[in-house]
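Please open the model in your viewer and keep the selection panel at hand. The stops below go from one selection to the next, with a short account of what is there.

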Amino acid sequence: MLSKYEVVIGLEVHAQLTTNTKIFCNCSTTFGNEPNSQTCPVCLGLPGALPVLNKKVVEYAVRTGLATECSIAPRSLFARKNYFYPDLPKGYQISQFELPICEHGRLEIDTKDGKKTIGITRIHMEEDAGKLLHDSDAGSRVDLNRACTPLMEIVSEPDMSSADEAIAYLKKLHQIIVYLGVCDGNLEEGSFRCDANVSIRPWGQKELGTRAELKNINSFRFIKQAIDYEVERQADILEEGGRVVQETRLFDTDSGTSRSMRSKEEAHDYRYFPDPDLVPLLVSEEWIEQARLELPELPEAKIERFVKEYDIPHYDAEVLAAERTNADYYDALVKLHGNGKLCSNWVMGEVQRALNENGLKISDCPVTPQLLAGMLKRIDDNTISGKIAKKVFDAMWKSGKDSDTIIEEQGLKQVTDLSAIEPLVDEVIAANPGQVAEYRGGKEKLMGFFVGQIMKASKGKANPATLNELLKKKLAGE
Amino acid sequence: MQLTDLTIHQLHDLLRAGKTSSQEVTQAFLDRIADTDEHVNAFITVCPQEALQQAEAADARLKAGDAAPLTGIPLALKDIFVTEGLRTTCASQILNNFVPPYDGTAVAKLKEQGAVILGKLNMDEFAMGSSNENSSFGPVRNPWNKDCVPGGSSGGSAACVAARQAVATLGTDTGGSIRQPASHCGVVGLKPTYGRVSRYGVIAYASSLDQVGPVTRDVEDCAMLLGAVAGYDPADSTSVDVPVPDYLATLKDGVKGLKVGLPKEYFIEGLDPDVKKAVEKAVDILRELGAEPVEVSLPHTDYAVACYYLIATAEASSNLARYDGVRYGQRVDQEQGLIDMYRQSRAAGFGPEVKRRIMLGTYALSSGYYDAYYLKAQKVRTLIRQDFLDAFNQVDVILTPVAPTPAFEIGEKTANPLQMYLSDIFTIPVNLAGTCGMSLPCGMSQKGLPIGLQLIGRPFGEETLLRTAYAFEQAGDWHQQQAPL
Ligand SMILES: [Zn+2]
């Protein structure tokens with residue numbers, strides 16, 4: 001039944017910006033403090049107080065616009081969005097309406113049918129509202145610490161045709177803004193919130209169907225659930241000969257369903273008009289160019305560079321570039337060591353394992369790229385084997401000491417001296433005549449058994465290459 | 001001569017010379033307020049204790065030889081200026097218990113100079129009115145005739161100076177709210193160029209039009225007080241970073257060769273004959289002083305009042321949304337839920353004129369009407385501004401009446417809001433153009449009521465304005481007339 005309809009999805013993302021101070025005053029934006037402790041006359045909306053735009057917010061929005069190929073408006077306006085709510089101290093929200101800072105951008109996503117471009121209609125800046133704290137006995141209270149913290153709203157074109165595409169778009173956008181350092185991307189804390197506009201239409205129909213707006217969905221999983229549920233709901237209505245009504249719906253994560261919040265008729269008339277307390281925002285061409293120059297390398301470019309310069313598989317590059325901190329770690333490591341593939345194996349392997357086990361982020365990794373590169377060099381010069389290296393790595397993790405100290409202290413230096421290995425080889429051959437006969441009879445798989453035995457006897461320190469060569473000769477009876 | 005009859009510059013000289021003290025002067029004004037305010041009702045709040053403490057501090061500063069021009073000078077503020085620890089009502093019941101935690105920029109500047117603040121002055125509620133009859137603290141009466149209005153909205157600021165209850169005051173002017181009451185009360189009032197004085201800490205009525213200005217006894221005081229509060233303020237994005245000139249330095253430069261524009265659209269039928277005569281006489285005096293009168297045209301004048309009442313009310317409808325009873329001000333408590341709390345608090349807290357303007361402005365911004373009203377008004381505003389810029393290509397200042405009539409009687413126009421709105425017909429265009437204008441006394445009506453002359457200057461042309469006004473003032477003695485109170 002669903003295949004009768006084409007799904008059309010547009011997304012609105014609200015990203016909280018990581019500036020130190022609020023968008024229109026100097027109050028701190030840090031979370032978790034005493035209610036109303038981070039406030040001043042401006043963000044309290046006291047009579048007589050006036051907003052002053054935080055330039056950093058503009059910088060962040062422009063950065064995002066440039067990273068998504070938007071055109072940056074040389075002149076943009078702030079507007080008042082008027083409505084009453086106790087968490088909105090001025091009775092209006094300062095936002096942008098006509099003339100937003102960024103327009104006409106795009107983002108490329110990977111779909112099951114290949115690459116697809118999703119249009120970005122606009123990006124604008126606005127202030128957040130406060131928070132209502134509901135107290136059963138004392139009634140509701142208002143905490144305005146969050147009031148006036150900077151938000152960026154990123155509105156897409158209705159270019160996505162499935163929940164999977166919507167998620168691909170959101171993940172891509174999320175990755176970019178976190179890469180840009182403008183948003184911490186924390187979905188649970190609401191730093192990255194999403195509203196979805198969903199409609200369906202019979203295949204081939206030109207005009208869009210009536211859309212429903214799904215509000216404030218705060219995880220990638222719920223977005224898929226919410227969209228899938230909505231598509232099915234609308235299809236059911238159409239199948240029964242009904243009509244979809246334009247409305248705002250609230251998704252309930254517990255039941256996996258949504259309910260109507262308000263219909264179009266009940267929609268607010270926000271009476272937008274240019275905020276007379278703020279002058280038009282002028283952004284010069286030079287300033288935009290400067291911001292463009294200061295843009296960090298974005299994931300796409302990074303993946304390409306890793307593949308090309310470090311000669312690693314595309315898969316590795318993608319994994320490493322997924323998060324900027326990971327990529328930075330890897331980048332630093334390769335620059336110190338030189339072997340791209342060895343480095344990617346270690347970062348994706350041991351480093352990631354240890355981080356997961358300890359619940360740490362790579363930015364807190366006790367084994368720095370310097371320490372790790374130093375150890376990898378000891379593998380290269382045969383001081384230690386790859387196997388012993390894991391032991392050294394764990395020791396570095398725990399102690400913070402460098403690899404040379406640990407190798408020295410624990411006597412982990414690899415044995416390459418033939419005269420030291422030969423007696424061990426002879427001993428194992430002598431102790432296992434049966435296996436030797438089998439080997440010589442053609443069961444070459446037993447090679448591993450002999451290597452294991454000798455390694456054990458050397459406490460793992462025998463150089464595997466030297467050992468292999470010698471063992472082969474001896475078993476061949478030379 | 002009494003201390004309360006003196007100007008800022010006269011008192012400053014006496015204080016500096018040690019011939020009187022700020023405490024003595026302050027006490028004299030406090031006594032005068034106590035004696036006269038039951039007849040005038042200029043004050044909403046008087047703060048004698050704080051004033052005397054400030055006077056004491058000022059005297060110490062004077063003694064130390066560290067006096068600024070306003071050190072120890074008793075002033076009073078329109079109750080629209082937010083004052084730390086001092087109740088600020090905007091003459092509204094919705095703020096009748098509001099004690100701000102901060103000082104606005106203009107007030108902070110006065111305090112830095114060591115000025116003494118006697119109290120907060122009556123006004124039309126939220127600065128909406130032309131007669132001061134819209135105050136929830138009762139009307140102000142004109143010191144020249146208690147049956148007449150003092151003008152509005154800064155009626156308290158003008159009446160207070162005329163009644164010699166303070167040396168000078170600050171008011172605000174959105175469509176004539178300093179100039180029209182100054183004219184009706186026979187004192188000097190100046191509305192600076194938009195962006196000249198910070199609006200930070202001034203309760204907003206119409207943000208794109210509001211401007212702070214002085215109300216004083218003479219032009220020299222006006223120059224001094226303007227100089228004290230003017231200047232760029234990073235806390236007000238609409239304040240403009242233009243250096244503040246020394247207004248006193250050029251005050252006495254005269255008007256020789258100055259071109260004075262007389263807009264033909266302002267000398268119309270219906271202009272009160274006494275007003276017409278007084279203004280024409282003023283033109284003659286300026287001519288005698290060496291100025292050259294020139295007829296100019298401001299062709300879009302007719303649209304100004306309509307344009308103003310769309311823009312000002314639209315902004316007001318949004319500016320006044322914060323008075324919702326949630327965090328400060330008055331809340332009606334027997335409410336049935338949130339929406340009812342908003343409705344009842346606002347219904348009880350706002351007076352009829354404020355409600356009228358909120359409704360008008362809400363309508364003008366509504367979806368479907370925005371283009372026809374608000375946007376159209378903005379376009380007209382651009383044309384009006386251009387009218388002035390064109391005129392200033394030909395002349396240095398523009399001269400007009402301040403109001404079509406002298407002060408009218410209390411109750412005379414309250415039944416007809418449109419009639420009331422027309423009393424600002426000559427002052428409103430200056431706010432729309434964003435330029436500066438001032439009012440100074442130029443005569444008396446046959447009924448013994450003061451008549452004001454309006455001078456309009458180029459944007460940031462306050463110097464020329466003050467220089468012209470000073471020359472005119474010194475040629476006569478209108479500024480020395482005292483209200484019979
Ligand atoms: Zn703040």
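Begin by selecting C43(A), which is buried at a relative accessible area of 2%, where buried means under 20% relative accessible area, exposed over 50% and partly exposed in between, with a 1.4 Å probe and protein chains only. This is a predicted model, in which local features need pLDDT of at least 70 and side-chain atom pairs count only at pLDDT 80 or more, while totals for chains, interfaces and linings use all residues. Residues are numbered from 1 along each chain as its sequence is written, chains are lettered from A and ligands numbered from 1 in the order in which they are written, and side-chain values use heavy atoms, with hydrogens and water left out.

Now select other cysteines of chain A. The structure holds zero disulfides over all chains, a disulfide being a pair of cysteine sulfur atoms within 2.5 Å. The sulfur of C70(A) is 5.1 Å from the closest cysteine sulfur, in C102(A), which is too far for a bond; C70(A) is buried at 8%. C194(A) is likewise in no disulfide, the nearest cysteine sulfur being that of C183(A), 13 Å away, and C194(A) counts as buried at 1% relative accessibility.

What is the order of its nine strands? The sheet is open, with mixed pairing, and runs β2-β6-β7-β10-β1-β11-β12-β13-β14; helices (H or I, at least four residues) and strands (E, at least two) are DSSP runs numbered from the N terminus, and two strands pair if DSSP finds at least two bridges between them. Select β2 (71-72) and β14 (257-263) of chain A, which stand at the edges with a single partner strand each, so one side of each is left without a neighbour in the sheet. β2(A) runs antiparallel to β6 (residues 102-111) of chain A, joined by two bridges, and S71(A) stands opposite E103(A) in β6(A).

For the next stop, select E6(A), which lies in strand β1 of chain A and is buried at 18%. Leaving aside residues up to four places away in sequence, E6(A) touches S199(A), I200(A), R201(A) and W203(A), contact meaning heavy atoms within 4.5 Å.

Finally, move to chain B and select strand β5 (residues 188-191), where V188(B) and L190(B) point one way, G189(B) and K191(B) the other way, and all are buried. β5(B) pairs in the antiparallel sense with β6 (residues 211-216) of chain B over two bridges, and with β10 (residues 436-444) of chain B over three bridges. G189(B) stands opposite V215(B) in β6(B), and its bridge partner in β10(B) is S439(B).
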